[in-house]
Amino acid sequence: MIKINSWVWKSLSADQKEKLISRSDSDIKEAMQAVIPILESVKKNKDRALIEYTKKFDKADISKRPIKVTEQEFAAAEKNLATEVKKAIEFSILNVVKFHKKQLPVNLSNFKILPGITTGERFLPIDSAGLYVPHGRGSFPSMLYMLAVPALVAKVNHVCAATPPNSDGSVDPACLFAAKVCEIKEVYRVGGAQAIAALAFGTESIKPVVKIVGPGSAYVTAAKRALYGKIDVGVPAGPSDSIVLADEKADPHKATLDLLTEAEHGSDSAALLITDSDKLAESVKKNIQTIVAEIPEPRKKYLADVFSKYGGIILAKDMNEAAEIVNLYAPEHLQIATKDPGKTLMLIRNASEILLGQDTPFSIANYTTGPNAVLPTGGMARTYSPVSVRDFMKSSSIIHADKTGLKLVKDHVVALADYEGFSTHSAALTMRKAD
């Protein structure tokens, strides 16, 4: 029997609610102290530090291999990977490409604000991007193509990927095949905080990038937080969290299956069932025990840890309160398993990914439906959005004024500049000689 947390929302104190909503953030704060020396060492010692940390943390000796994966390894991965896996990767990538092409922004040009003044907006890709693909708790080729596709659709010039190696120093073949399909030619056999440092500072083998995107452990998340300001660390994507929001009409077996899905990512994940039905809550508790008993390790331990630590069941007085708990929590993944999911959707303000109905399990969204599966975690859905083409682009405002436009705004600008005490702002107009 595993312990399953259970709460009645109205009975929780403010501190208890805050702790529940914070999930694994305390783990990340503790990891910050551990990652600072790693970042400094990689900055100073470069490849040598990467080799040492890979041996220490990943138990892999890569000293006799190039840090960059070779063309021969790409070829071997494609040759040896099971056909059904290759077909699944190719099928999924096509859908992800279709979705992300629709996200391309359209330049705004020659918009007339006033007589003589036109404005516009131009979108361009960022110069470079580093994709971080975790591997410590499994193989994630889906993360590679979810990150690579929007970067390539945006036409980023330099895109590379970093992922922890296997114990023999090799890189997961499915990740390499996904990289090849996505035309990513630079993949580095290094992970953890040391990989984040390498992408930020550069080493003899790895070119620095201007942005790092991708999910990871508490240590990866801590490294990105520590480097904020030095480099764009993208969408906050740390330990997974999910909510199944369900009423009395939900099928308890399906609700249990979907509740377990995101919980198996790791012991620092969070998975919550939020419901106003005592009957559903009790059924799901029993189902968790039955299903988890048959799950192989290490996922079985992850599930047990999640439901005794950051996950569990929250009982709300009604669906309005349940939805407000969701909004406070701002989950990475949300499934609405109610009688009328579309109506319930109108109550939700904060969620990274929203799946409607029990025929839309988290699993299909993680792999093949098109929208990006790299999502803001830890409550950051309050202000952040899923990874998209926009993450790999930037915009510039464009303004053109002729003599008519300049004359039209001159007095207003001078009045505001004088009020704010900016003398040269004002003088740029008052002392300007007419042609």
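## The parallel sheet

Six strands, in the order β1-β10-β9-β8-β11-β12, make up an open sheet with parallel pairing. Strands here are DSSP runs of E with at least two residues, helices are runs of H or I with at least four residues, and both are numbered from the N terminus; two strands count as paired if DSSP finds at least two bridges between them. Because β1 (6-8) and β12 (353-356) stand at the edges with a single partner strand each, one side of each has no neighbour in the sheet. On average, neighbouring strands of this sheet are turned by 20° against each other, direction ignored.

The model is predicted: local features need pLDDT of at least 70 and side-chain atom pairs count only at pLDDT 80 or more, while totals for chains, interfaces and linings use all residues. Residues are numbered from 1 along each chain as its sequence is written, and side-chain values use heavy atoms, with hydrogens and water left out.

Strand β9 (residues 270-275) pairs with strand β10 (residues 312-315) in the parallel sense over 4 bridges. Leucine 273 has isoleucine 313 in β10 as its bridge partner.

Helix α13 (residues 319-329) packs on the sheet and touches β8 (241-246), β9, β10 and β11 (333-337), where contact means heavy atoms within 4.5 Å. The direction of α13 makes about 170° with that of β8; axes are lines fitted to C-alpha atoms, for helices over the stretch in contact, and angles run from 0 to 180 degrees between N-to-C directions.

## A nonpolar surface patch

Leu108, Phe111, Ile113, Leu114 and Leu408 make a nonpolar surface patch of about 430 Å². Areas come from the Shrake-Rupley method with a 1.4 Å probe, and for residues only the protein chains shown count as cover.

Strand β2 (residues 108-114) provides the largest share of the patch, 4 residues. Isoleucine 113 lies in β2 and is partly exposed, at 47% relative accessibility (buried is under 20%, exposed over 50%, partly exposed in between).

## Backbone features in loops

A cis peptide bond, with omega of about 5°, joins glutamate 297 and proline 298. Proline 298 is in the loop between α11 (278-292) and α12 (299-308).

Lysine 46, in the loop between α2 (25-45) and α3 (47-57), has a positive phi near 55°. Lysine 155, in the loop between α6 (141-153) and β5 (158-162), has a positive phi of about 70°. Lysine 46 is partly exposed at 28% relative accessibility, whereas lysine 155 is exposed at 65%.

Terms used: Patches are made of residues with over 30% relative accessible area and no salt bridge: like charges are joined within 9 Å, nonpolar side chains (Val, Leu, Ile, Met, Phe, Trp, Tyr) within 5 Å. A salt bridge is a side-chain nitrogen of Lys or Arg within 4 Å of a carboxyl oxygen of Asp or Glu. Buried means under 20% relative accessible area, exposed over 50%, partly exposed in between (1.4 Å probe, protein chains only).
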